[in-house]
Amino acid sequence: MKVDVVTVSASLSSVPAYVKYGFKFNGDTGISAGLVYQPMKIELILSHYNQL
């Protein structure tokens, strides 16, 4: 099996949608270009059959 990690800098208003799809919090909120974001990640476990 292979594990891929997808990370995002989610706007605060989009956090509930990311949580709904399985993303987890990945650190404290931050600010970039005046926008507040929440780092989030999800681990995707892929079987070798998906890589053929």
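Partly exposed describes a residue whose relative accessible area falls between the buried range, under 20%, and the exposed range, over 50%. Asp4 has a relative accessible area of 29%, so Asp4 is partly exposed. The model discussed here is predicted.

**Salt bridge.** The structure has one salt bridge. The side chains of Asp4 and Lys2 form it, at 3.9 Å from N to O. Lys2 is partly exposed too, because its relative accessible area is 40%.

**Nonpolar core.** The largest nonpolar core contains six residues: Val8, Ala10, Val15, Phe23, Met40 and Ile42. In soluble globular proteins, nonpolar side chains tend to be buried together. Val8 is one of the core residues. Outside its sequence neighbours up to four places away, Val8 touches Tyr18, Phe23, Gln38, Pro39 and Met40.

**Aromatic pair.** There is one aromatic pair in the structure. Tyr18 and Phe23 make it, edge-to-face, with 5.0 Å centre to centre and 80° between the planes. Phe23 is buried, because its relative accessibility is 12%. Tyr18 is partly exposed, at 27%.

**Gln38.** Gln38 lies in strand β4, residues 35–46. Gln38 has 7% relative accessibility, so it counts as buried. Its side chain reaches the backbone oxygen of Gly27 at 2.7 Å. Beyond neighbours within four places in sequence, Gln38 contacts Val8, Ser9, Ala10, Leu12, Val15, Phe25, Asn26, Gly27, Asp28 and Thr29. Among these contacts are Val8, Ala10 and Val15, which also belong to the largest nonpolar core.

**Lys24.** Lys24 sits in strand β2, residues 24–25. Lys24 is exposed, because its relative accessible area is 56%. Lys24 and Lys41 are 17 residues apart along the chain, yet their C-alpha atoms are separated by 5.4 Å. Setting aside neighbours within four places in sequence, Lys24 is in contact with Pro39, Met40 and Lys41. Met40 is also a member of the largest nonpolar core.

The accessibility values are collected here.

| Residue | Relative accessible area | Class |
|---|---|---|
| Gln38 | 7% | buried |
| Phe23 | 12% | buried |
| Tyr18 | 27% | partly exposed |
| Asp4 | 29% | partly exposed |
| Lys2 | 40% | partly exposed |
| Lys24 | 56% | exposed |

Definitions and conventions: Residues numbered from 1 in each chain as written. Predicted model: local features only at pLDDT ≥ 70, side-chain atom pairs only at ≥ 80, totals over all residues. Heavy atoms only, no water. Helix = DSSP H or I, 4+ residues; strand = E, 2+ residues; numbered from the N terminus. Buried < 20%, exposed > 50% of the residue type's maximum accessible area, 1.4 Å probe, protein only. Polar contact = N/O pair within 3.5 Å; in protein donor to acceptor, adjacent residues only side chain to side chain. Contact = heavy atoms within 4.5 Å. Core = buried A, V, L, I, M, F, W, Y, C linked by side-chain atoms within 4.5 Å. Phe/Tyr/Trp six-rings, centres within 6.5 Å; stacked < 30°, edge-to-face > 60°. Salt bridge = Lys/Arg side-chain N within 4 Å of Asp/Glu carboxyl O.
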